[in-house]
Amino acid sequence: MTGEINGKPSPADLLTPRLHLVAWELTKSCNLFCAHCRGSSAPDTYSDELTADECFRVIDQIREVGRPILILSGGEPLARPDVMEIARYAVSKELRVVMGTNGTLITEEVASQLKEVPVSRLGISLDFPVAELQDDFRGQAGAFAAAMKGITNARQAGIELQINSTITRLNAPYLDELLSTALEVGAVGFHPFLLVPTGRGKGLESVELSPREYEATLNWIYDKVKSLGESIFFKPTCAPHYLRVMKQRQRQEHSPEVTPEAKTTPGHPSANAITRGCLAGTGFAFISHRGDVQGCGYLSPVAGNVREQSFAQIWNNSPLFNSLRNLANYEGKCGYCEYKRLCGGCRARAYEATGDYLEAEPYCVYEPAAVSGRTK
């Protein structure tokens with residue numbers, strides 16, 4: 001049951017925030033010019049980036065909230081000269097540090113430095129298993145070969161890898177080959193990102209998966225998870241209704257209803273965990289190169305800035321985050337969907353489509369039981 005009790009939100013509608021992941025755009029600079037880039041990054045210098053001292057202070061403030069996985073990202077994080085120093089400081093504060101990178105700057109020396117930090121995992125972006133197509137998508141000849149060399153260097157240094165792929169109609173036909181590539185290079189995870197057309201990615205709206213293609217892709221992922229078992233971990237990203245698909249398929253098959261979550265060390269969240277669909281403002285936060293804190297990198301409304309407030313103050317008290325944590329605020333079919341606590345719909349996709357981050361997820365084909373007359 002949802003609604004308000006004595007003017008207060010029903011407990012059934014309130015999500016308890018548990019900070020699991022912080023993605024940090026350490027720099028907007030990038031050596032590539034990728035077609036899908038949410039930050040419209042380029043090989044430029046951006047003068048308003050947080051300084052190293054500011055970064056250290058933010059890390060201390062994140063620790064006031066908990067011990068989330070810290071994803072150092074960009075732009076291209078390895079384009080920032082002091083990235084190793086910042087990463088080491090985060091590790092010294094008992095944070096698990098991972099890095100999202102295009103892989104092209106990972107020389108043997110850089111791989112050795114990353115291992116020494118230590119960076120626990122590298123998420124390397126690979127959108128096509130074909131060099132010509134990857135190079136075109138990434139805006140630079142030789143990008144595929146450089147990324148594959150970076151993967152080799154990272155593996156030889158003993159760094160855990162996951163492959164990240166942004167999925168559109170351009171590369172959906174290559175999903176099986178991308179998965180095979182991830183397995184061949186020894187990746188522990190394959191993370192398909194369903195495109196949210198923001199930044200330069202707006203230019204890809206015409207090749208964004210349709211809602212039915214989106215649904216078919218999520219069912220493909222479910223089938224691959226079943227067939228491959230524990231040989232590789234799948235984590236669909238920007239795809240909150242994967243959990244709804246998973247529950248539906250499990251019920252159809254009379255299988256135990258399980259949400260994947262890997263074992264991890266005490267105090268550290270798992271990199272191999274799917275706890276809820278959209279985590280914006282509930283389990284996930286994004287920090288921009290200028291210090292803006294957002295629900296995620298694709299959801300542009302700003303909750304606060306770490307130059308003006310502490311990260312802990314923003315996380316705990318932001319009106320934006322508090323509104324995302326109250327499911328009674330959700331509108332359209334997401335507001336009365338029986339899966340809203342589990343899924344929540346993509347708040348960024350809703351915002352891009354309607355200008356309202358609380359509106360219904362526009363790329364979901366599911367009709368809630370309240371509308372269809374079906375029971376849960």
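Just after α8, H254 takes a positive phi of about 55° in this predicted model. Helix α8 itself spans residues 242-252, and eight of its 11 residues are buried, so that the helix is mostly covered. The buried positions are Y242, L243, R244, V245, M246, K247, R249 and Q250. Helix α7 is included in what covers them.

Helix α7, residues 211-228, packs on α8 at an angle of about 60°, and the two axes lie 10 Å apart. The arrangement of α7 to α8 is therefore oblique. The crossing of α7 past α8 is right-handed. On the α7 side the contact is made by E215, L218, N219, I221, Y222, D223 and V225, and on the α8 side by Y242, R244, V245, M246, R249 and Q250. Sorted by class, this contact has seven nonpolar, two polar and four charged residues. An α-helix has 3.6 residues a turn, so residues three or four places apart point the same way.

Helix α7 also packs with helix α6 (residues 175-184), at an angle of about 35° and with the axes 12 Å apart. Again the crossing is right-handed, with α6 passing α7. Residues L175, D176, L179 and L183 of α6 meet T217, W220, K224 and L228 of α7. The contact of α6 with α7 has five nonpolar, one polar and two charged residues.

Seven aromatic pairs are found in the structure. One of them joins F128 and F137, whose ring centres are 5.6 Å apart; the planes stand at 70°, over the 60 degrees required, and the pair is therefore edge-to-face. Both partners fall under the 20% limit for burial: F128 is buried because its relative accessible area is 4%, and F137 is buried because its value is 5%. The rings of W315 and F321 have their centres 5.5 Å apart and their planes at 65°, so this pair is edge-to-face as well. W315 and F321 are both buried. Ring pairs also link F128 and F137 with Y174 into a cluster.

Backbone geometry was examined next. Most residues other than glycine have a negative phi, and most peptide bonds are trans. Two cis peptide bonds are described here, beginning with the bond from G74 to G75, which has omega near 20°. G75 is placed in the loop between β4 (69-73) and α2 (83-92). The bond from V117 to P118 is also cis, with omega near -5°. P118 belongs to the loop that runs between α3 (108-116) and β6 (121-125).

Positive phi values occur in loop residues other than glycine. E94 has phi near 65° and is located in the loop between α2 and β5 (96-101). With a relative accessible area of 44%, E94 is partly exposed, because this value lies between the limits of 20% and 50%. C238, likewise not a glycine, has a positive phi of about 60°. The loop that holds C238 lies between β9 (233-234) and α8. Its relative accessibility is 17%, and C238 therefore counts as buried.

Conventions: Residues numbered from 1 in each chain as written. Predicted model: local features only at pLDDT ≥ 70, side-chain atom pairs only at ≥ 80, totals over all residues. Heavy atoms only, no water. Axes fitted to C-alpha atoms, helices over the stretch in contact; angles between N-to-C directions. Helix = DSSP H or I, 4+ residues; strand = E, 2+ residues; numbered from the N terminus. Parallel < 35°, antiparallel > 145°, perpendicular 65-115°, else oblique. Left-handed = near helix turned anticlockwise from the far one by under 90°. Contact = heavy atoms within 4.5 Å. Nonpolar A, V, L, I, M, F, W, Y, C, P; charged D, E, K, R; others polar. Phe/Tyr/Trp six-rings, centres within 6.5 Å; stacked < 30°, edge-to-face > 60°. Buried < 20%, exposed > 50% of the residue type's maximum accessible area, 1.4 Å probe, protein only.
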